[in-house]
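Please look through the structure below.

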Amino acid sequence: MKSILRLSSASVATLIVSTFAPCATADTTGTWQSLSYSFPDSYGVTSGMNLLADGSILVQSTDTNLPVGSYPNKWWRLRPNTVGSYVSGNWGQPTWMISDRWFFSSQVLSDGRLYVAGGEYGGGSDDAEVYNPLTNIWTALPAPGLNMRDANSETLADGRVLQAMPDSSTDEKQVAIFDPVTNTFAAGPACLGSHRETSWVKLRDGSILMLDVNTTASERYIPELGEWVADAKVPVELFDQNSEIGGAMLLPDGRALVIGATSTSAYYTPSTTGVTGSMGSWVAGPVLPTGLDANGAMSALGATDAPIAMLPNGNILMVLSPIGITGEEFRYPSYFFEFNTSTNTFTAINAPQGGTSDPTRYCYQWNMLCLPDGNVLVAAARSQTLWVYQPSGTALEAAKPTITGMTRDSSGVITLSGTQFNGINVGACYGDDWQTNTNFPIVRLTNAAGNVTYCRTYEWSTFDVQTGADIVTTKVAVSTSLASGAYSMELIANGIASDPWLYFIPSSACQADRSLDGVIDGQDLSIILNGWGVVNQFTARADLDGNGIVDGVDLSKILAAWGSCSP
């Protein structure tokens, strides 16, 4: 349960904080940059954010002008500018949610809609709704039957949503499953322990790992069995005295990392027996850094409800605060770190607005979202300023998506096939209160002038992560308003882009003009002959009928249209 921060200007002015944390010194760390345009609502953000399948971002607004007991239902939508920059992006306002809610479950569905459910605060704690970006309409869903405060959620491989329903009047173990095809909830298997305030993490086998609140017991939801099974005990206490815990993240090597609210962390390693539902193992992770509290006293730091995000380079960006004490559950300041899971070292970085820490905010007031450009969007509750963290280094090769094929059916629908379209984890995690998953494909087109267009993806074949060499697919909607010409097409998962694939848009009046010079001649014939066979990332313009193969059909279209045309 989170309190609402209210500090006077005098308190802010007199609060002086410095820090010391026993961390490694990195050669390079990332940099912060604030968005060029302030958040439009003068009351600032709630810190709730979601990436949509067309590359735009929904950010929820705070509104302290609401009646007592009411919470926000207002959103704003951020779109990147013409060169793909979110820092210089533009704000617009979609329609408002039906229910007011704050700190709630959310997932992007495979048809592109945004699902939201419950809320720690507000009138929507026992209901759910979906937002359709194509129609700009929110639609209420049938009530699942229990409240969803401090409730996690996760999308299963087939697109259904596993939704925790920790109703305080019951045993806090109930789970529902939302089906986006029928827009209905069905009762799911109850957890073995309470899932209130817990962090969930999707593992590479599709199972969902969680810790039972205020215990060292862990369990997993096994999709093949349709039930939760007991797993190994955690060797350290990760929940604090107020039941808080930090984020949990699947790592590139298949382990999971959980950040505690008690200055501790733990690693989980799945079983290698191959037996469905078999237990994994836990070991203690590194002790979290220390820092000065608001009174200048040294304190252990922890994640008392706080976000983490995996950077393309494999490090984890996190924010920590002094651990809670009796009578003071949440404490400031907030400290930011990059954590290297290979060396188990923390590197202290400045706060977004500068300085070694943010002296006026608790760590739970922050949230993080992985952007398609490889950066991380960071928001703080009630701030009109949002920041982008730009990491250093190169992207992990193991996390890189690969496009292996592109086809277009008779109605013009494009399907991309390839590997790792869903990334190696969900991208960012906030424990139980926000879900900011980005483990779905984003498609970006760039023309010769450097102008960027994001295309809407939908009907992803899976939500599983770390799919390795398995072939996965997504459909792509390309705007009909794009100019003819050659484009570089990249598929992105959690900010890591594939190698570019050539995407060609012919003139509508001259479909056979592959060289775009207004004449069907030897140049166009040469493009067909040089691209003969199965289309790859370099030969897409030779595929006139879009079936993924350059063959006699494409050659005959060139010959039939030979001569001048009107582009």
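The largest nonpolar core of this predicted model has 46 residues. A nonpolar core is a set of buried Ala, Val, Leu, Ile, Met, Phe, Trp, Tyr and Cys residues joined through side-chain atoms within 4.5 Å. Buried means under 20% relative accessible area, exposed means over 50%, and partly exposed lies in between (1.4 Å probe, protein chains only). Those with the most contacts inside the core are Ile-57, Val-59, Trp-91, Leu-114, Leu-377 and Leu-386. Two or more residues each come from S2, S3, S4, strand S7 (114-117), S29 and strand S35 (452-458). Strands (E, at least two residues) and helices (H or I, at least four) are DSSP runs, numbered from the N terminus. Apart from this core lies another, of 41 residues, and Met-310, Phe-336, Trp-366 and Cys-429 are among them.

Trp-91 is in contact (heavy atoms within 4.5 Å) with residues that include Leu-35, Tyr-37, Phe-39, Val-59, Trp-76, Arg-77 and Leu-386, not counting residues up to four places away in sequence.

The model is predicted, so local features need pLDDT of at least 70 and side-chain atom pairs count only at pLDDT 80 or more, while totals for chains, interfaces and linings use all residues. Residues are numbered from 1 along each chain as its sequence is written, and side-chain values use heavy atoms, with hydrogens and water left out.

Strand S28 covers residues 366-370, and five of the five are buried, so S28 is largely enclosed by the rest of the structure. On one side lie Trp-366, Met-368 and Cys-370, on the other Asn-367 and Leu-369, and both faces are covered. S28 runs antiparallel to strand S29 (residues 376-380), and five bridges join them; two strands pair if DSSP finds at least two bridges between them. Ala-380 in S29 is the bridge partner of Trp-366. The two strands form a hairpin with five residues between them, and Gly-374 in the turn has a positive phi of about 95 degrees.

Charged residues come next. Side chains of opposite charge can pair when their charged atoms come close. A salt bridge is a side-chain nitrogen of Lys or Arg within 4 Å of a carboxyl oxygen of Asp or Glu, and by this rule the count comes to 16. In one of them, the side chains of Asp-41 and Lys-74 meet at 2.8 Å, N to O. This pair links distant parts of the chain, 33 residues apart: Asp-41 is in the loop between strand S1 (31-34) and strand S2 (45-51), and Lys-74 is in the loop between strand S3 (57-61) and strand S4 (75-79). Asp-41 is buried, with a relative accessible area of 5%, and Lys-74 counts as buried at 12%.

Asp-54 forms a salt bridge with Arg-77, the closest N and O atoms being 2.8 Å apart. Asp-54 lies in the loop between S2 and S3, 23 residues from Arg-77 in strand S4. Both Asp-54 and Arg-77 are buried.

Gln-107 lies in strand S6 (residues 105-108) and counts as buried at 3% relative accessibility. Its side chain makes a polar contact with the side chain of Ser-153 (3.1 Å). A polar contact is a pair of N or O atoms within 3.5 Å; within protein, one must be able to donate a hydrogen and the other to accept it, and residues adjacent in sequence count only if both atoms are side-chain atoms. Another, of 3.3 Å, joins the side chains of Gln-107 and Asn-437.
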